[in-house]
Amino acid sequence: MSHDLYATWATTEIVRSIKANPSLLFQNNIDTNQLTAFANRESGRTWPIPDGRISGNTANKDFDIAIELKRTNEGLHGVLTAIGQSQAYLHKGYNSSIIVIPDSYNSFGNPGNYIANVINQTNNNLPIGVFTYSQPDTSQTSPFHGKLTCHRNVGFDINLAPQVNTQISSATNTQWAHLREGSSESHAFFKYLQTSKKK
């Protein structure tokens, strides 16, 4: 399976987790009925480019979260680059970022706790979340469902959220959607168009 496909699956499942439990993302008490969030990809090609993005709105404030995913074949080197990349996304203008890595490597047993400890020790206030995943079940429609473990909540304060950086939310003229016949319904199209218009 491709890296991009894994990133899409993971981003989608994190959105589902955040909607069910907003405290994974926010410091504030957020009413789930006032939270809108969806998985997508950055439309521009301005470096650095995250593997996925979560965009949303709550308390009449927009937010964007960068997702950095590593696979086991990237090895432990990927653990260190993920820490740097997640900080680069904050510098680029994302409100927060989330690192998603395998739950173990052959030579290292608990990279999720390691990354969480590094962030907590170097700058505990950074809005960076850490998730690990066990082997996704590719026979399921949501392969990462039940496969994610949160090691560090993001700790994002929506009240301090700056205006979303235009570098990461630039509009495009063309949008594409690929759906298999019979795999969606009219309400999903309506919600997509409504969100696109709002964004």
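Biologist: Which residues of α1 are buried?
Modeller: This is a predicted model: local features need pLDDT of at least 70, side-chain atom pairs count only at pLDDT 80 or more, and totals for chains, interfaces and linings take in all residues. Numbering starts from 1 along each chain as its sequence is written, and side-chain values use heavy atoms, without hydrogens or water. Buried means under 20% relative accessible area, exposed over 50%, and partly exposed in between, with a 1.4 Å probe and protein chains only. In α1 the buried residues are Y6, A7, W9, A10, T11, E13, I14, V15 and I18.

Biologist: In what order do the elements of the protein run from the N terminus on?
Modeller: Elements are DSSP runs numbered from the N terminus: helices are H or I with at least four residues, strands are E with at least two. The protein has four helices and six strands. Read from the N terminus, the order is α-β-β-β-α-β-α-β-β-α.

Biologist: Where in the protein is confidence lowest, and where highest?
Modeller: pLDDT is the predictor's confidence in each residue, from 0 to 100. The protein averages 87, and 83% of its residues reach 70 or more. Where pLDDT is low, the predicted coordinates should not be read in detail. The lowest mean, 70, is in helix α4 (residues 186-198), and the highest, 98, is in β5.

Biologist: In what order do the six strands form the open sheet?
Modeller: Two strands pair if DSSP finds at least two bridges between them. The pairing in this sheet is mixed, and the order is β1-β2-β3-β4-β5-β6.

Biologist: Which strands stand at the edges?
Modeller: An edge strand here has a single partner, so one side of it is left without a neighbour in the sheet. That applies to β1 (36-40) and β6 (148-152).

Biologist: By how many degrees are neighbouring strands of this sheet turned against each other on average?
Modeller: Axes are lines fitted to C-alpha atoms, for helices over the stretch in contact, and angles run from 0 to 180 degrees between N-to-C directions. For neighbouring strands the direction is ignored, and the average is 25 degrees.

Biologist: What is the bridge partner of E68 in β4?
Modeller: β3 and β4 run parallel, with five bridges between them. β4 also pairs with β5, again in the parallel sense, over six bridges. On the β5 side, V130 stands opposite I99. In β4, E68 is bridged to I99.

Biologist: How many residues of β4 are buried?
Modeller: β4 is largely enclosed by the rest of the structure.

Biologist: What do the buried residues of α2 pack against?
Modeller: Helix α2 (residues 77-92) has 16 residues and reaches 23 Å from first to last C-alpha, close to the 22 Å expected. The expected span is 1.5 Å times one less than the number of residues. Its buried residues include V79, I83 and L90. With contact meaning heavy atoms within 4.5 Å, they pack against β3 (61-69), β4 (96-102), α3 (111-123) and β5 (128-133).

Biologist: Which strands cover the buried residues of α1?
Modeller: Helix α1 (residues 3-20) has 18 residues and reaches 26 Å, close to the 26 Å expected. The cover over its buried residues includes β1, β2, β3, β4, β5 and β6.

Biologist: Which peptide bond is cis?
Modeller: P48 lies in the loop between β1 and β2. With omega about -5 degrees, the cis peptide bond joins W47 and P48.

Biologist: Is N60 buried or exposed?
Modeller: N60 sits in the loop between β2 and β3. Its phi is positive, about 60 degrees, although it is not a glycine. A relative accessible area of 77% makes N60 exposed.

Biologist: What is the relative accessibility of A59?
Modeller: A59 is placed in the loop between β2 and β3. A59 is not a glycine, yet its phi is positive, about 55 degrees. A59 counts as partly exposed, at 43%.
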